[in-house]
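Hi,

Here is the structure I promised to pass on. My notes on its sheet follow below.

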Amino acid sequence: KAVVHRISSGQVILDLSSAVKELVENSLDAGATSIEISLKEYGEEHFKVIDNGCGISPSNFQALALKHHTSKIADFSDLHTLTTFGFRGEALSSLCALGKLTVETRTKNEFVGTHLTFDHSGLVTNERKTARQVGTTVTVEKLFSTLPVRSKEFSRNIRREYGKLVSLLNAYAIIARGIRLLCTNSTSRSSKTVVLKTQGSSSIKDNIITVFGLNTFQCLEPLSLCISEGCTIEGFLSKPGCGSGRNLGDRQYFYVNGRPVDMPKVSKLVNELYRLSNAKQYPIAILNFIIPTTSYDVNVTPDKRKMFFSDEDSLLRSLRAAIEKIYSPHQC
Ligand code: ADP
Ligand code: MG
């Protein structure tokens, strides 16, 4: 049973960035306005997410890391109107199965915090009092140490995994309004370095300037497209002639109602239209699809990065028309 749990956990937590993503989303769900991600050896030794959210109440401690324990979904019909990032109750239980999990937390109703350690099956192995502010810190040490093959791969590819993580954190830094994000890394060779730091500004524009710099921002064209009742696409695209020669995917961010998602079809479309006028160039694209929660399903893959849209074709058609307007030669 433990082995099956480990294997299925490896499908929820695919890599470093999906692990950190789950923790950051838990912090966002907890209403945090400040989230710090602290890495040791690029996340290979450990990663920690520290927030000032609502904290976890003691009545949830024992079941916290058990499979399908969630405080966010009361009944199946909730799935269609979901506004929280989490809902499966699988992240903490999966992280437990794959590494060593500790949680430190305090709600406003407690005077003192609690430090909890868990075993690989998700059971609490130790509980003690600790001083801390209201909020939660989740630490995962030695991710994938329980899956030897994955663990080797993880170490071998750590720099690439780290790059992917930074790109993911940029995605949140751009879309999260009023939330301060800080990411640091420390290694045995160098002390703590700041990887990302945002001020928690209230506009996406300011966030983009923080992440990419003012020069890059000035190369972007805002886009706001009303598709139908309750359906809009908002964001920014490179102006014609402002793209870059490399498509590392690290400057294209797509969201559905503020949730970062993979949208390969949208990416392909944007690249294709841009390259009609700028061969060998790729645009920056930041697009948030604001659509009714009933028109898509985030429950397609365990890591919630893929979505199923009930009317993807018309979405793509409208987007194509809007982008063609921006990139058509008459505009230049
Ligand atoms: P889910 O997010 O799908 O509910 P998780 O396994 O990610 O499942 O988390 C389990 C539960 O632990 C959450 O429902 C929430 O009650 C609690 N939790 C986890 N992280 C935090 C956090 N940073 N702040 C407050 N509560 C948290
Ligand atoms: Mg979660």
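A word on terms first: two strands count as paired if DSSP finds at least two bridges between them. Note also that this is a predicted model.

The sheet comes first. It is open and has 8 strands, in the order β5-β4-β3-β6-β2-β1-β7-β8. The pairing is mixed. β5 (124-130) and β8 (193-197) are the edge strands, each pairing on one side only. On average, neighbouring strands are turned by 15° against each other, direction ignored.

Now the β3/β6 pair. Strand β3 (residues 100-106) runs antiparallel to strand β6 (residues 135-141), and 7 bridges join them. Within this pair, valine 103 stands opposite valine 138 of β6.

Helix α5 (residues 158-175) packs on the sheet. The helix touches β1 (34-40), β7 (180-186) and β8. Its direction makes about 40° with that of β8.

β7 deserves a look of its own. On one side, β7 pairs with β1 in the parallel sense, over 7 bridges. Lysine 40 has serine 186 in β7 as its bridge partner. β7 also pairs with β8, here antiparallel, through 4 bridges. β7 and β8 form a hairpin, with 6 residues between them.

Which side chains of β7 are buried? Leu181, Cys183 and Asn185 are, and they point to one face.

Best wishes

Terms used:
Residues numbered from 1 in each chain as written. Chains lettered and ligands numbered in written order. Predicted model: local features only at pLDDT ≥ 70, side-chain atom pairs only at ≥ 80, totals over all residues. Helix = DSSP H or I, 4+ residues; strand = E, 2+ residues; numbered from the N terminus. Axes fitted to C-alpha atoms, helices over the stretch in contact; angles between N-to-C directions. Contact = placed C-beta atoms within 7 Å. Buried ≥ 20, exposed ≤ 12 C-beta atoms within 10 Å, placed from the backbone.
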